[in-house]
Amino acid sequence: MALKVLAWSLLYPTFGYTMPSVGTQKCCNAVHQGRVGDVLRPGAEYAAANIRWSVTAMLHPSCIIQPVDTAGVAHTVRILSAAACPFAVKSGGHTPTPGANDINNGITIDFRYINETTLSSDRRSVTLGVGSTWLQAYTQLNDTGVAFPGGRYGLVRVGGLTLGGGLSFFSPKVGWVADNVLNFEVVLASGEVVNASSTNHSHLFRALKGGSSNFGIVTRVKIQTFESTGRLWGGSVAYPCNDNTTEHAKTSQRTITMTKMRR
Ligand SMILES: Cc1cc2nc3c(=O)[nH]c(=O)nc-3n(C[C@H](O)[C@H](O)[C@H](O)COP(=O)(O)OP(=O)(O)OC[C@H]3O[C@@H](n4cnc5c(N)ncnc54)[C@H](O)[C@@H]3O)c2cc1C
């Protein structure tokens, strides 16, 4: 035990970490024994997984858990809830606020391996794992003739953007990303897995459309698709501030030059 404490006290200042509490170490061990996925402790893999879009959001969890499926998330939540272990939830890690997606001396759950993209057989919806990047998801649907509203920056992941509302290049056509969600697969604090839709757990369904992370852990989202030619067009409208804006808006919209952005 004394050797272990000595090892931690030497290792942690090296990485700039504080000592993990014995309590959270027990939580990490319990999840490790539950075999839900990788459990990363401080070291090279941990450091790579703990990177955030903004350094302000990078904290120092005792371990990082990477479940591979919904059952693994549910099992993790049951263990963490039963032992009252503090934890944070991260999809793409793009929120810069400290504490939004990482934690000091607790456990961070990282969804990077829950990342599949499945187009329904009638092509009217696509189901995305929350750990998928938007680039992964859009790449899977290339050349299918359907599209769906998703993030505009490839490395943001499905979970945080969708739960926060989500602005898409397709928003002028179909609205917020969350407006187009047909179903959320959610792990509740009890570890129960539910599907929230307009007809099932409808209050939860509504709360998750912009409610972000406070109502459960979402593992999959089903988003409605629309037929698409595969072309996306864009442009900008500039209004002079010292003129009659309404008249200018009408004129500009008539004369806007559309720029082909990408196929
Ligand atoms: C470079 C950049 C480009 C961006 N582009 C866009 C854009 O085009 N459109 C747009 O609308 N926004 C955009 N944003 C904002 C972005 O949507 C938010 O920062 C969003 O929270 C990022 O989601 P994430 O999964 O990457 O982040 P995270 O920080 O991992 O998640 C955000 C929050 O949601 C929670 N959360 C994550 N996953 C889950 C889950 N599965 N279940 C429950 N809670 C969860 C986290 O705990 C955290 O509090 C951009 C941000 C950046 C930095």
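**Entry 1: Asp 143**

I began with Asp 143, which counts as exposed because 5 C-beta neighbours lie inside 10 Å. My cut-offs, with C-beta atoms placed from the backbone: buried is 20 or more other C-beta atoms within 10 Å of the residue's own, exposed is 12 or fewer, and partly exposed is in between. This is a predicted model, so I take local features only at pLDDT of at least 70 and side-chain atom pairs only at pLDDT 80 or more, while totals for chains, interfaces and linings use all residues. I number residues from 1 along each chain as its sequence is written.

Asp 143 sits in the loop between helix H5 (134-140) and strand S7 (146-147). Helices (H or I, at least four residues) and strands (E, at least two) are DSSP runs, numbered from the N terminus. I checked the backbone of Asp 143 next. Its phi is positive, near 65°, and the residue is not a glycine.

I went on to His 201. This residue lies in the loop between S9 and helix H8 (202-208). Its phi is also positive, about 50°, although His 201 is not a glycine. With 19 other C-beta atoms within 10 Å, His 201 is partly exposed.

Then Tyr 153, in the loop between S7 and H6. I noted 12 C-beta neighbours inside 10 Å, so Tyr 153 counts as exposed.

**Entry 2: the ligand shell**

Which residues come closest to the ligand? I listed Ser 91, Gly 92, Arg 152, Gly 159 and Gly 160, out of 28 residues that surround the ligand. A residue is counted here if its C-beta atom, placed from the backbone, lies within 6 Å of the molecule.

I sorted the shell by element. Strand S3 (87-90), helix H6 (158-163) and strand S10 (217-224) each give at least two residues. H6 has the largest share, four residues. I then sorted by domain, with bounds from an automatic or database domain assignment. Domain 1 (2-110) and domain 2 (117-227) each contribute at least three residues.

By class, I found 12 nonpolar, 13 polar and three charged residues in the shell. Nonpolar here covers Ala, Val, Leu, Ile, Met, Phe, Trp, Tyr, Cys and Pro; charged covers Asp, Glu, Lys and Arg; the others, Gly among them, are polar.

**Entry 3: the four-strand sheet**

I traced an open sheet with the order S1-S2-S4-S3 and mixed pairing. Strand S1 (37-40) and S3 are at the edges, each with a single partner strand, so one side of each has no neighbour in the sheet. The twist averages 20° from one strand to the next. Strands count as paired if DSSP finds at least two bridges between them. Axes are lines fitted to C-alpha atoms, for helices over the stretch in contact, and angles run from 0 to 180 degrees between N-to-C directions.

I followed S4 on both sides. Strand S2 (residues 63-67) and S4 run parallel, joined by three bridges. Cys 63 has Ile 107 as its bridge partner in S4, and Ile 65 has Ile 109. S3 and S4 also run parallel, with four bridges. There, Lys 90 has Asp 110 as its bridge partner.

Which way do the residues of S4 (residues 107-110) point? Ile 107 and Ile 109 point one way, Thr 108 and Asp 110 the other, and all are buried. In a regular strand, side chains alternate between the two faces of the sheet.

**Entry 4: the five-strand sheet**

I traced a second open sheet, in the order S5-S6-S10-S8-S9, with antiparallel pairing. Its edge strands, S5 (117-119) and S9 (193-196), pair on one side only. Neighbouring strands here are turned by 15° against each other on average, direction ignored.

Five bridges join S6 (residues 125-129) to S10. Ser 125 stands opposite Gln 224 in S10. Four bridges join S8 (residues 181-187) to S9, and Phe 184 stands opposite Ala 196. S8 and S9 form a hairpin with five residues between them. In that turn I noted Gly 191, with a positive phi of about 95°.

**Entry 5: helix H4**

Last, I checked the span of H4 (residues 70-82). Its 13 residues should span 18 Å at 1.5 Å a residue, and the end C-alpha atoms are 18 Å apart, which agrees. The expected span is 1.5 Å times one less than the number of residues. Buried residues of H4 include Val 73, Val 77 and Leu 80. After H4 comes Ala 84, with a positive phi near 50°.
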